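Welcome, and please open your viewer. We will go from stop to stop, selecting a few residues at a time and looking at what surrounds them.

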Amino acid sequence: MAHDPLVSSFTIGGVPVSAIDMDGLIASVGRRLAAGPGQPGTFVVFRDAHGVVRAQTDEALRAAHHEALLVCADGRPVSWIGRWRGLAATQQVPGIESVEALCRAGADTGWRHYFLGGGEGVADLLATTMRARIPGLQVAGVETPPFRPLSEAETEAMRERIRASGAQIVWVGLGTPKQELFMAAHAPYLPGTIAMGVGAAFDVATGRIPRAPKMLQVAGLEWAYRLAREPRRLWRRYLDTIPRFLLIAARDAVSARKAPRPSRSGASDRTGSSAV
């Protein structure tokens with residue numbers, strides 16, 4: 001598994017981020033699926049500031065980013081950094097929006113989707129919701145894994161269900177870092193598939209949890225909306241994440257001044273000095 005060679009990238013605190021927008025995500029997925037079911041399984045990470053900070057001390061999580069086909073800027077501050085680095089193609093690509101965008105993009109060609117994750121019944125509800133919005137959507141299967149480690153037999157049974165379903169895109173809603181580690185562990189056993197780690201998208205897309213107003217999304221303040229809704233659960237996370245992310249960004253900015261600015265031309269950034 002490796003990053004799409006046609007997509008430029010940069011790094012934040014050693015975490016690679018793809019310089020891509022939603023159309024670029026759709027194009028990359030389309031290229032991979034067009035190569036046929038014999039391609040090795042792979043996955044896409046949607047990365048926000050919290051995930052970047054978490055990866056600084058979690059070696060397995062950091063490694064998963066480097067194994068992914070793409071690492072999209074799920075959070076707007078992450079996309080801002082890419083553009084500040086000179087990669088204008090870097091746009092916010094929220095996992096929440098990617099579900100419907102990719103389901104619509106592949107409806108005519110019959111991309112087959114498998115929804116895995118969420119609470120009891122949520123994956124089935126998400127599949128039903130997407131079918132209602134997108135006539136002709138091909139749903140290969142739905143599954144809610146238990147909230148505990150799977151046994152070896154359960155793991156193989158799950159992989160066999162996904163393989164037998166003919167799924168091409170596997171939507172994984174387990175939260176960070178569980179979903180990234182899950183995708184990295186299972187992708188090698190699921191040829192022809194692309195897993196998408198979209199976390200809370202399962203709940204947001206089905207209307208179980210509201211998304212921040214557009215004004216806050218544009219301002220990069222979705223985290224503040226989530227904090228206001230769940231202060232007791234999230235205040236410690238953001239108290240830790242925000243200053244650490246700013247420190248990582250500042251440190252990288254100092255390093256970037258000492259390195260050549262990456263070119264804006266697609267593939268050359270993948271093989272040159274785009275990681276700054």
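**Stop one: a residue in H9**

Select Asp203, which is found in helix H9; helices (H or I, at least four residues) and strands (E, at least two) are DSSP runs, numbered from the N terminus. This is a predicted model, in which local features need pLDDT of at least 70 and side-chain atom pairs count only at pLDDT 80 or more, while totals for chains, interfaces and linings use all residues. Residues are numbered from 1 along each chain as its sequence is written, and side-chain values use heavy atoms, leaving out hydrogens and water.

Is Asp203 buried or exposed? Asp203 has a relative accessible area of 19%, so it is buried (buried means under 20% relative accessible area, exposed over 50%, partly exposed in between, with a 1.4 Å probe and protein chains only). Now show its surroundings: leaving aside neighbours within four places in sequence, Asp203 is in contact with Val122, Arg208 and Ile209 (contact means heavy atoms within 4.5 Å).

**Stop two: the cores**

Next, select Leu25, Val29, Phe115, Met130, Trp171 and Met196. These have the most contacts inside the largest nonpolar core, which has 34 residues. A nonpolar core is a set of buried Ala, Val, Leu, Ile, Met, Phe, Trp, Tyr and Cys residues joined through side-chain atoms within 4.5 Å. Among the elements that give two or more residues to this core are helix H1 (22–34), strand E3 (42–47), helix H6 (122–133) and strand E7 (169–173). Which element gives the most? It is H6, with 5 residues.

Centre the view on Trp171. Not counting residues up to four places away in sequence, Trp171 touches several residues, including Ser98, His113, Phe115, Met196 and Phe202. A second, separate core of 20 residues includes Leu116, Ala167, Val170 and Ala184.

**Stop three: H8 and its partners**

Two packed helices are described by the angle between their axes and the distance between the axes. Select helix H3 (residues 59–67) and helix H8 (residues 178–186): they pack at an angle of about 55°, with axes 9 Å apart. Axes are lines fitted to C-alpha atoms, for helices over the stretch in contact, and angles run from 0 to 180 degrees between N-to-C directions. H3 and H8 are therefore oblique to each other (angles under 35 degrees count as roughly parallel, over 145 as roughly antiparallel, 65 to 115 as roughly perpendicular and the rest as oblique). Show the side chains, and you will find Ala60, Leu61, Ala64 and Glu67 in H3 meeting Glu180, Leu181 and Ala184 in H8.

Thr155, Met158 and Arg159 of H7 make the contact with Phe182, Ala185 and His186 of H8.

**Stop four: backbone details**

Move to Pro177, in the loop between E7 and H8. The peptide bond from Thr176 to Pro177 is cis, with omega near 5°.

**Last stop: Arg62**

Finish at Arg62 in helix H3, which counts as partly exposed at 24% relative accessibility. Leaving aside neighbours within four places in sequence, Arg62 is in contact with Gly14, Ala55, Gln56 and Thr57.
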